[in-house]
Amino acid sequence: MSNSNLTRRGLLKTGAIAGAGLAVPTYLSADGHAYTNAPQGATVTLGFNVPQSGPYADEGADELRAYELAVEHLNGGGDGGLLNTFSSKALKGNGILGKKVEYVTGDTQTKSDAARASAKSMIEKDGAVMITGGSSSGVAVAVQALCQEAGVIFMAGLTHSNDTTGKDKRANGFRHFFNSYMSGAALAPVLAANYGTDRKAYHLTADYNWGYTTEEAVRSSTEALGWETVNAVKTPLTQTDFSSYIAPVLQSGADVLVLNHYGGNMVNSLTNAVQFGLRDKLVNDKNFEIVVPLYSRLMAKGAGANVKGIFGSTNWHWSLTDEGSKAFVKSFGTKYGFPPSQAAHTCYVQALLYADACERAGTFNPCGVGEALEGFEFDGMGNGKTLYRAEDHQCFKDVLVVKGKENPTSEFDLLEVVEVTPVEQVTYAPDHPQVAGGSLGTCNPGA
Amino acid sequence: MLGLSKKDTSLLIIVCILALFAPFILNPFPEGSAMAQFNAGYPDLMQRLVIFGIFAIGFNILFGLTGYLSFGHAAFLGVGSYAAIWMMKLLTMNVIPAIVVSIIVAGAFSLLVGWISLRRSGIYFSILTLAFAQMSYALAYSVLTPITGGETGLQPKYTDPRIFDRALEQGESARANLFGLQMNSSAELSVGNWLFTFNAGYYLAAIVMIVAFYMSIRIFRSPFGLMLRAVKSNQNRMNYTGMNSKPYTLAAFVISGMYAGLAGGLLVAMDTQVGAERMFWTASGEVVLMTILGGAGTLIGPVLGAGFIKYMENIVSKINKGILEQWFAFLPDGIEDLLITLVYPFIGKGWHLTLGMIFMLVVIFLPGGLVEGGQRVAAMFRRKKSNPETPDGKTTPAE
């Protein structure tokens, strides 16, 4: 059916629309700023992109608390927290470069798509000049690439995979958290000292990117000290019952089980392993042991009594007694009534490091900020002397080896620090095979 | 016009106007005002609105016409996305090959899935498609990591071959473009306190959406569409008359799979990143919600439903407690706290709760979706001035 009746009304309508369409471009003006979202007026907006739903919602909630605390301290509120112990004194408590810090929040849902949508809306709609947060490496890599394209700085939150500052590194992205390689390098000597050098290890690995890099790191560090890897089995990320994976472990002749799992996965697999009585077994005349490469307090809480005596590594722990850690635990505890997690710590520190870099650079321009962060050495943030390496934008600092506490005194006192592995022992070359293959590119100021 | 009836032409024109003037329509509140929170006129969301509109239009060709409820359509979206990103990695950052190949690959994949799943109907068909989608998701997430990037997903890299493009200069990042017009380039127009953003990528997606919508009208009004409706109303009766309905349902399945692939390709063209979550079953469920919320079997319903859900997801989920406190700051303390406690569960991360309640209300009181709501409002006005052309208010003959 075709009818091409030209009516007076139709002609007028079409004409009006076409006219409006033609007139529009003459009003358009290109954005004249030097870089994306240059702050106008007396405020600067930061974007806090954390998981508020999904498997890591607990960590996300703690990250958000840390960011709110950081904003309070940057704007001169509260007790100043780590501003007092931070080795750089550029921050005055009057916001950043005299501009009051405001923030917007978003939910990453621990999905790359959702995280990018949320980060994009912060950049495009709310004018955020920096995006930070997240609790998963997949999300960190996705958002980092987005920030590179959009021309804003990305300060990674909790992300442990080697790839974030390895093959997926970007010039606009920075990570304070440690990585799989460091976990392996810090854990191996402690394991060798406690369990001997002729152990047979069996790996259960979460079947995704972070699992692979962690398995590789732990495997190569322990094998270098004489351990043998009997088998490595991948488990689906959505698995909640690991009994079918645990049963074959004893038949394999292995005497150590390494659980490359995180979050709920680790809670379930560890609980299953302990329930199977693995830890009471004697294999090859040695006590059967379990190792969890990446620990967090929230995971230890989930696994309850099962974590007792189990080794792992962590970025930071609230029981540390240096000035920085004490100051942070105090201001966080005063505000929220319980000690912060390592996710909260790394996010808080990232926010302060960004603010400090802006002050020292005298600009919010990502290129200037990046330059100020590259090769920056600092202290007093709870991890001892730390270096933001210029080659891959990864922080190098001491790594904590922790153990599940035998006699916890409270629901937060679940881990004890066994050893503080010095930074030299966990430092690697930027072209180390476990992280090789990426290129930073050059910084992108956008606009 | 264009082989459409007068009513369909005016519908198409309305969709064109909505799509082309979206930057104005979605940004009704001036910058910096308290209501600016509700502005949706920024490029990323506008792109998502029209792309998921395409996805829902395609889904509606299958579900709305044949009544076959596919619970695995996100798989086609995901497969299209992966195909598109590989085109960008291997051939060129120009979006045309990416979009075309995403349609072809998704079409081929849906042919395979449809050929197997359509052996059953009803709930069994739904479960089969769901199983296929979850398999695709699991494969993409772990087993096929070398092809799909696993959890991290895929992005264009500096080191990709891209045989048709010139080599990138050091530090230059690969950007999706249409013959040099970058998808993320925008022009801004500020009128008073209002700021309107016109984004190249959005307009490409909007034009594709209009074409997709036009094609869906033609399919709805064609003899083929009538055959599909016959499948929905009584497939047994059709089979008894000697008609083989399978080729028709399979064709509808493949067409809607291609629409999903097109949406997937466009998603990559706008934002050059693919993650496996795109294929998760909740994403398949979302398009079912969009279609039912807007009005299954209607032309414009799925587009409205998609827009509604994406708006909720991106705007309501970003309201946090601080913003609530600003809104209710003028009230006395006790009432302010009470209101915040009452409203807080429904915003921010609770947006799913709000969406669920609206969905329930729509399904119970407006079974025909938002379109039925619109028709009822229109009918209220129409009743006053009688309409001599269609005295019973119906244009379709009784069965």
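Two residues are in contact if their C-beta atoms, placed from the backbone, lie within 7 Å. By that criterion, and setting aside neighbours within four places in sequence, Leu266(B) is in contact with Ile51(B), Ile54(B), Ile99(B), Ala205(B) and Val208(B). This is a predicted model, in which local features need pLDDT of at least 70 and side-chain atom pairs count only at pLDDT 80 or more, whereas totals for chains, interfaces and linings use all residues. Residues are numbered from 1 along each chain as its sequence is written, while chains are lettered from A and ligands numbered from 1 in the order in which they are written.

**Chain A: overall form**

- Chain A comprises 13 helices and 17 strands, where helices (H or I, at least four residues) and strands (E, at least two) are DSSP runs numbered from the N terminus.
- The radius of gyration of chain A, taken over C-alpha atoms, is 25 Å, close to the 22 Å that the globule rule gives for 447 residues, so chain A is as compact as a globular protein of that length; the rule itself is 2.2 Å times the number of residues to the power 0.38.
- Of the 447 residues in chain A, 57% are buried, a residue being buried if 20 or more other C-beta atoms lie within 10 Å of its own, exposed if 12 or fewer, and partly exposed in between.
- Among the contacts in chain A with a separation of 6 or more, 72% join residues 24 or more positions apart.

**Confidence in chain A**

- The mean pLDDT of chain A is 88, with 92% of its residues reaching 70 or more; pLDDT is the predictor's confidence in each residue, from 0 to 100.
- Confidence in chain A is lowest in helix 1 (residues 8-27), at a mean of 54, and highest in strand 4 (residues 153-156), at 96.
- Over residues 21-32 of chain A, pLDDT stays under 50, and the model has nine contacts beyond four places in sequence for them.
- Where pLDDT is low, the predicted coordinates should not be read in detail.

**Contact between chains A and B**

- The contact takes 43 residues from chain A and 35 residues from chain B.
- On the side of chain A that touches chain B, two or more residues come from each of strand 2 (100-107), helix 3 (112-124) and helix 4 (137-150) of chain A.

**Domains of chain B**

- Chain B is divided into domain 1 (6-318) and domain 2 (319-391), with bounds that come from an automatic or database domain assignment.
- The C-alpha centres of domain 1 and domain 2 of chain B lie 26 Å apart, and 20 residues of domain 1 are in contact with 18 residues of domain 2.
- Helix 12 of chain B, with seven residues, gives the most to the side of domain 1 that touches domain 2.

**Two residues of chain B with positive phi**

- Arg162(B), which is not a glycine, has a positive phi near 45 degrees; Arg162(B) is found in the loop between helix 7 (145-148) and strand 1 (177-178) of chain B, and is buried, with 20 other C-beta atoms within 10 Å.
- Phe179(B), also not a glycine, has a positive phi of about 50 degrees; Phe179(B) is found in the loop between strand 1 and strand 2 (181-182) of chain B, and counts as exposed, with 7 C-beta neighbours inside 10 Å.
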